[in-house]
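I opened the model and kept notes on what I looked up. The entries follow in the order in which I made them.

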Amino acid sequence: MRHQKSIEALQLFATGLANAAFVHFVQGLHFEAMGFTKLGTKYKEHYAEEMEWVAKFIARINDLGGEVKIEDQKGRNLIKDPVEYLKADLKQQEHGVNMLYNCMATLKDDPTTYDILKGYLADEEEDLYWSQEQLEMIEMIGRQNWLIKQM
């Protein structure tokens, strides 16, 4: 199939992102339950935004005549501490951005898929920068002050 690389890449990102989005949703609910409503809202909105990307990936797989798979993912534990979650999420984002850069280099012969992933990359970089800024803010103002801002 002509677009097999594109279909495989889109499926990889759809599966991984659907799982990561659900993690953001669950973590957001947890943070709200702890009283950190701003942080909870941030991650629940992040979930909705990520699921829009999953929908775009699936639509493109369908456009290319591929077969969308519903794949299982390995489970994860809830990270109860907001700062520790932010650190863990940043590592995931850094890994994801690197994967996107590497993947996009192989998809230049499919400009539509390339453009979709380029848009997703810009969104992921924005999220990565937000996480980095939050960790820098924690260093500047202290953990407790940052947590108060998340209420």
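**Notebook: a helix and its salt bridges**

I began with Glu32, which counts as partly exposed because its relative accessibility is 25%. Buried means under 20% relative accessible area, exposed over 50%, and partly exposed in between, with a 1.4 Å probe and protein chains only.

I noted the ground rules next. This is a predicted model, in which local features need pLDDT of at least 70 and side-chain atom pairs count only at pLDDT 80 or more, while totals for chains, interfaces and linings use all residues. Residues are numbered from 1 along each chain as its sequence is written, and side-chain values use heavy atoms, with hydrogens and water left out.

**Entry: partners of charge**

How many salt bridges does the structure hold? I found four. The term stands for a side-chain nitrogen of Lys or Arg within 4 Å of a carboxyl oxygen of Asp or Glu. Side chains of opposite charge can pair when their charged atoms come close.

I looked up Glu32 again and found a salt bridge with Lys44, the closest N and O atoms being 3.0 Å apart. Lys44 lies in helix α2 and Glu32 in helix α1, so the pair ties together parts that are twelve residues apart in sequence. Helices here are DSSP runs (H or I, at least four residues; strands are E, at least two), numbered from the N terminus. Lys44 is partly exposed, at 26% relative accessibility.

I then went to Arg60 and Asp110, whose side chains meet in a salt bridge of 2.8 Å, N to O. This pair links distant parts of the chain, with Arg60 in helix α2 and Asp110 in the loop between α3 and α4, 50 residues apart. Arg60 is buried at 11% relative accessible area, and Asp110 is buried at 2%.

I also checked Asp81 and Arg143, which form a salt bridge with the closest N and O atoms 2.3 Å apart. Asp81 sits in the loop between α2 and α3 and Arg143 in helix α5, 62 residues apart. Asp81 is partly exposed at 23%, and so is Arg143 at 33%.

**Entry: helix α2**

Which residues of α2 are buried? I listed several, among them Leu39, Tyr43, Trp53, Phe57 and Arg60. The buried residues of α2 pack against α1 (4–33), α3 (82–104), α4 (111–141) and α5 (143–149), where contact means heavy atoms within 4.5 Å. Just after α2, Gly65 takes a positive phi of about 80°.
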